[in-house]
Amino acid sequence: MTMINWQVIDKFILIILDGDQGRWAFLADQLRALGVPDDKIVRIETPSGESSACHRTQAHINAVEMAQTQGWHNAFIIEDDFCFNECESNYENINRFLNALSKIKWSVALFAANYYKVTPVKTVDYLVRVNVAGSACAYVVNKDYYTSLLTNYRCGLQALLQGKSEQEYALDVNWHTSMHRDLWLGIFPTSGSPFTDKSMSEKSDCRSQFNKPLHEIISPAKLSPSPSGPIKVDFYFQWPPGWTNFESVIDAMRSNPAFDCRIVVVPYLNFNATDLKGDIQRGILKERSLDYIGFEDYSLESRQPDVVFLQNPYDEARPEAFRSEYLYQRGVKIAYIPYALDTGIGEETMVYQYNLLCQNLATWIFSRSERHRKEFASQCHAGNKHVYVTGHPKFDYYDRRYGFDEENKTKGKVKTFLWTPHFILPGNRKMYSTFNIYHAAIIKLIERDDVHVIIRPHPLLKQWLNVASQKTQDNYKKLVDISKTRSNVSWDFSHDYKSSFSQSDALIADMGSFLLEYLPSKKPILYLTHKTCYGLNKTADFIYDSYDVARNEKDIARFVENIVNDRDPMRLKREEVLQAELQIDDVTVGEKITNIIYQSLRG
């Protein structure tokens, strides 16, 4: 038998799930037979948890934390159902792989995995760069990568504990973000696989997943757009209310001969979605006489764009060929304008707004303020070197879009309040919505004869109503019923909110984009919150001092009386933060973004 030179490996950490002594003995004996000294082998026993995905992630966190605490130069982490292939060619291949690792820099080295996409190394046939892979059964972590990997694992665990999908946040799915960013190497062919002997494991035979031929897993070839001529930019239009995110950028690029722009209609396939072809988006573009191509007729390979603008970071809500990973693997540069003017502090929200695959793979992210850019530095695994402070395109054409008149146009008339409740999550989870908390106060407001109320719920409030609590469904029905009996209340479910912004005299809102998007109107804003709700993040915590804030029903009543009587005590404070936080000036954000991309690619 060929002797394996394990000198480059500092320690082997065996993860023993559920305290299975049989597995421990089998794996330890196997390592000894391969020449691993006893003093290099350590074990971690992890008690069973409620969720197998959480259980597994926590076990790997424990292993990396042990390596970091002990100061080991690297650690070979092995799950207890792993078995090395017993053949001379495998032993020889392991030696070649270990020899290569001793001479180059790397973050993680996979000795076995379910490879989905890899990039071969041209000079050798036993080493690949791993682009996408699953199954964290046998891998080595370098010392200088412990902190980064722990950050990734803890983020995934937090999402799992909050009930997020294992298909998105399981250990060996969530780590794809790190694979894309850092140098993950893999041995080829893999050096082993989980047990296939059902007497030792409940896993089905998975050898085929670990022994795919190279031609099946090679990453797709990079596209080759021309380095000269117009810059091809495609805008994936998915979310109707977010048209204003793209509008001024498209205008700026279409008026610049250095750009060749195309709008592509892509459906928004979120939970309970009904518009599966993007018909609403098509209608918006037809109203504006704008040319577009539907997703069903679009070919990335034929078009070969330099840049694609994504409208939201939710890859699972669009067809596979329009996702961040698909674009990145083919060398397309991703530009991202945050779809929301995020304000909330919830852990889940921070991941969605700053640290999904889209934000990590983007070449450019365009932020609304320096505060916003700084938040990417602490929340996004990729940092904020790719984040540019431009302001947000939503604020281009603002006065023209919403038709605001002179300052005193509302004085003395019946006041119109725009109420924008956030959606409700199922169960007793902490959230941003005060819908059930202040429902009675809103009913009282509607019952007044000296006001008008526009109700514009978050689009997901109605869409997810059937999975909300009975209390939420009952309160929603009460609102619908009273609306039928009152002439001073209207509902707005339109794809944009131009009419609601224009007609209203004041905003009453839960946490959300409207807290910032309404600000340039200079109209009064009441932020609804409660001790049981999530608060504001660092990019928006100025709201506490500069806006009216309601923490109880009395605060709501006080705000209403002020507006009805033409009082706006917080106006000066709102105007003080307007420019500092929203970066509104004479040059449109669309022009700024256009210039940044031009300078990056042709400057």
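Trainee: Which residues in α2 meet which residues in α4?

Mentor: This is a predicted model, in which local features need pLDDT of at least 70 and side-chain atom pairs count only at pLDDT 80 or more, while totals for chains, interfaces and linings use all residues. Residues are numbered from 1 along each chain as its sequence is written, and side-chain values use heavy atoms, with hydrogens and water left out. In α2, Ala53, Cys54, Thr57, Gln58, His60, Ile61, Val64, Glu65, Ala67 and Gln68 meet Tyr146, Thr147, Leu149, Leu150, Tyr153, Arg154, Leu157, Leu160 and Leu161 in α4, where contact means heavy atoms within 4.5 Å.

Trainee: And by class, what does the contact of α2 with α4 have?

Mentor: The contact of α2 with α4 has twelve nonpolar, five polar and two charged residues. Asp, Glu, Lys and Arg count as charged, Ala, Val, Leu, Ile, Met, Phe, Trp, Tyr, Cys and Pro as nonpolar, and the others, Gly among them, as polar.

Trainee: At what angle do the axes of α2 and α4 cross?

Mentor: The axes of α2 (residues 52–70) and α4 (residues 146–161) cross at roughly 155° and come within 10 Å, and that makes α2 roughly antiparallel to α4. Angles over 145 degrees count as roughly antiparallel, under 35 as roughly parallel, 65 to 115 as roughly perpendicular and the rest as oblique.

Trainee: OK, and how do the axes of α14 and α16 cross?

Mentor: Helix α14 (residues 347–354) and helix α16 (residues 370–379) have axes that come within 10 Å and cross at roughly 105°, and these two helices are therefore roughly perpendicular to each other. Here Met350, Gln353 and Tyr354 in α14 meet His372, Glu375, Phe376 and Gln379 in α16.

Trainee: Changing topic, where is serine 135 found, and is it buried or exposed?

Mentor: Serine 135 is found in strand β6 (residues 127–142), and it is buried, with a relative accessible area of 15%. Its phi is near 70°, a positive value in a residue other than glycine. Buried means under 20% relative accessible area, exposed means over 50%, and partly exposed is in between, with a 1.4 Å probe and protein chains only.

Trainee: What about the phi of lysine 522?

Mentor: Lysine 522 has a positive phi of about 65° although it is not a glycine. This lysine 522 is found in the loop between α22 (514–517) and β20 (525–528), and at 38% relative accessibility it counts as partly exposed.

Trainee: Last one, which residues does a cis peptide bond join?

Mentor: A cis peptide bond, with omega about -5°, joins phenylalanine 188 and proline 189, and proline 189 is found in the loop between β7 (184–187) and β8 (192–194).

Methods:
Axes are lines fitted to C-alpha atoms, for helices over the stretch in contact, and angles run from 0 to 180 degrees between N-to-C directions. Helices (H or I, at least four residues) and strands (E, at least two) are DSSP runs, numbered from the N terminus.
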